[in-house]
Amino acid sequence: MSKPLSGKTAVVTGSNSGIGLGVARVLAGEGANVAINSFTDRQEDHDLAATIAAEAGVNVAYIQADMSSGQQCRDLVAKAAERFGAVDILVNNAGIQHVAAIEDFPAEKWDAIIAINLTSAFHTTAAALPAMKSAGWGRIVNVASAHGLTASPFKSAYVAAKHGVVGLTKVTALETAGQGVTCNAICPGYVLTPLVEAQIPDQMKTHNMDRETVIREVMLERQPSRQFATVEEIGGTAAFLCSAAAAQITGTTISVDGGWTAL
Ligand code: NAD
């Protein structure tokens, strides 16, 4: 049975956990073949690809590439195109975080955050665009953040990188306008990923609060809905941006943040 993305191939960077994995699963469910990625090369990474393939009835490959290396970013796109015949959908999702005041922020952490969260998207986009343009169809979805639109203290590199991703999104959209290729950024607020889930017990201890109170009063203090977004919701937003209905949506941001940036 044909599904909306049958016959398409998606590359999702940083997708062996969290949001990237959620996006990969949704796109596979919509019929796309998917290349999942991280910097590790463990049996469980390849097993994960096999699991998604079996769940969705599509082809899924795990391709190791370190998104802090420009060359490996470009190689990821080339390897996926070689394996599946094309890269029609590119989701730039890989990201890391470090929290410190600017004067204490380790320079190597700044460099790593800018490389993985921002520069990687430049390299993968540059590698993917020529074939998308000549095919007359392509979708680039950049996973930015509410921090691509607004700031918080102690997150200088992350906020700078995510604002940069939003800027890159606009330029990519302008350079591809009218050619069947779109580029947009999703700006999630707080999303319940395994990483975030793991912080809850510590926060409960630190604040001497129960799970619900710590989530509502501490973690989601800036998210007016006081509810996490889910990886499935981010995946669904990415799938919408890949759909026919979104053909004229380009160069924009879609917030999935429970009202954070409306404040
Ligand atoms: P996560 O840690 O679960 O996922 C990050 C992914 O990136 C993992 O698969 C990890 O292996 C991969 N990765 C890290 N360094 C890499 C590297 N050098 N090369 C290749 N892959 C690498 O975190 P997440 O919350 O799922 O974050 C995914 C994206 O969503 C990030 O860009 C993050 O900034 C963004 N985001 C997350 C939230 C949230 O609340 N969780 C909110 C807004 C934006």
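Trainee: What relative accessible area does R216 have?

Mentor: This model is predicted: local features need pLDDT of at least 70, side-chain atom pairs count only at pLDDT 80 or more, and totals for chains, interfaces and linings use all residues. Residues are numbered from 1 along each chain as its sequence is written, and side-chain values use heavy atoms, with hydrogens and water left out. Buried means under 20% relative accessible area, exposed over 50%, and partly exposed in between (1.4 Å probe, protein chains only). R216 counts as partly exposed, because its relative accessible area is 36%.

Trainee: Which residue forms a salt bridge with R216?

Mentor: Side chains of opposite charge can pair when their charged atoms come close. A salt bridge puts a side-chain nitrogen of Lys or Arg within 4 Å of a carboxyl oxygen of Asp or Glu. Here the closest N and O atoms are 3.2 Å apart, and the partner of R216 is E217.

Trainee: D45 and R42 meet in a salt bridge. Is D45 buried or exposed?

Mentor: The N to O distance in this pair is 2.8 Å. R42 is partly exposed, at 35%. D45 has a relative accessible area of 1%, so it is buried.

Trainee: Which helices does the salt bridge between R25 and E55 link?

Mentor: The closest N and O atoms of R25 and E55 are 2.9 Å apart. The two residues sit 30 residues apart, in distant parts of the chain. Helices are DSSP runs (H or I, at least four residues), and strands are too (E, at least two), numbered from the N terminus. R25 lies in helix 1 and E55 in helix 2.

Trainee: What volume does the largest cavity have?

Mentor: On a 1 Å grid over the protein atoms alone, a cavity is a set of points where a 1.4 Å probe fits but cannot get out; a pocket is an open set with protein on both sides within 12 Å along at least five of seven lines, and lining residues have an atom within 4 Å of a point. Grid points are joined across faces, edges and corners, and a volume is the space filled by probe spheres set on the points. The count is one cavity of 30 Å³ or more. The largest cavity has a volume of about 50 Å³.

Trainee: Which element gives the largest share of its lining?

Mentor: The lining of the largest cavity includes I116, N117, S120 and A121. The largest share is four residues, and they come from helix 4.

Trainee: Where does the largest pocket lie?

Mentor: The largest pocket holds about 1400 Å³ of space. Among the residues closest to its centre are G95, Y158 and L195. Domain bounds come from an automatic or database domain assignment. Both domains give residues to the lining, so the pocket lies between domain 1 (9-191 + 230-255) and domain 2 (192-228).
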